[in-house]
Amino acid sequence: MKATGIVRRIDHLGRVVIPISIRRNLRIREGDPLEIFVDKDSEIIFKKYSPLVGLEDFAQMYTDSLYKTSGRIVFITDKEAIIAVSGASKKEYMYKPLGDIVEKVMNERRTFCYNSSLEQGTGLSFLSDDEDGKFSSILIAPIISGSEPVGSVILCSMEPGFKMGEVEIKLAATATEFLGRHISQ
């Protein structure tokens, strides 16, 4: 555990204010759920809650199936990071933070499709720390559980000239619907 040097008092309702610098750094926003843990040393730990945590093995099996079916690189994410990948290096992508474009797609609850107009060279990335566009085509579909976005399914291609189409849109829609229903059970 890393000390911050910040001390906060509990108010009369039992609330503690998390400083804005920590909230920004950890991308914690108003309304985000936090899970509370107490360890054996009586330390209280707040952790960002994700309904997809614990489903990594299931998500991995699903990405493997989608990859075999579509031939496209497949990612499943929670709201913050990639939790499963098939067709690309797990070492390079697992648990990498997502960029603003994925957050926007989830908040708007709409599928986003990007197809590069150029045969080679430029592309797009959906990661927060990736300056270079790696993918010539990207399809991002939000996973909705209840009425809340909880993650996304992302299909990608590095193949110059390839364009995501109706088949990929239907595959992503099926995946997000299934995963959203699975999470809410």
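Reply:

Strands here are DSSP runs of E of at least two residues, helices are runs of H or I of at least four, and both are numbered from the N terminus. The model is predicted: local features need a pLDDT of at least 70 and side-chain atom pairs count only at pLDDT 80 or more, while totals for chains, interfaces and linings use all residues. Residues are numbered from 1 along each chain as its sequence is written, and side-chain values use heavy atoms, with hydrogens and water left out.

β3 and β4 are antiparallel, with four bridges between them; two strands count as paired if DSSP finds at least two bridges. Thr77 belongs to β3, which covers residues 73-77, and its bridge partner in β4 is Ile82. β3 also pairs with β7, again antiparallel, over five bridges. Val74 stands opposite Leu155 of that strand.

Five of the five residues of β3 are buried, so the rest of the structure largely encloses the strand. Buried means under 20% relative accessible area, exposed over 50%, and partly exposed in between (1.4 Å probe, protein chains only). Ile73, Phe75 and Thr77 are on one side, Val74 and Ile76 on the other, and both faces are covered. Thr77 has a relative accessible area of 0%. Its side chain makes a polar contact of 2.6 Å with that of Ser152. Such a contact is a pair of N or O atoms within 3.5 Å; within protein, one must be able to donate a hydrogen and the other to accept it, and residues adjacent in sequence count only if both atoms are side-chain atoms.

The largest nonpolar core has 20 residues, and Ile76 is listed with Tyr62, Leu66, Ile143, Val153, Leu155 and Leu179 as having the most contacts inside it. A nonpolar core is a set of buried Ala, Val, Leu, Ile, Met, Phe, Trp, Tyr and Cys residues joined through side-chain atoms within 4.5 Å. The elements giving two or more residues to this core are α2 (56-70), β3, β4 (82-86), β6 (137-145), β7 (148-157) and α5 (166-184). Of these, α5 supplies the largest share, five residues. A second, separate core of 17 residues includes Tyr93, Val105, Phe126 and Ile138.

Contact means heavy atoms within 4.5 Å.

The protein chain has five helices and seven strands, in the order α-β-β-α-β-β-α-α-β-β-β-α. Of its 185 residues, 36% are buried. Among contacts with a separation of 6 or more, 53% are between residues 24 or more positions apart.

Confidence is given by pLDDT, the predictor's score for each residue from 0 to 100. The chain averages 84, and 90% of the residues score at least 70. Among the elements, β3 has the highest mean pLDDT (94) and β2, residues 44-48, the lowest (79). Where pLDDT is low, the predicted coordinates should not be read in detail. β2 is joined to β1 (residues 34-38) in antiparallel fashion by five bridges, and Val38 stands opposite Ile44.
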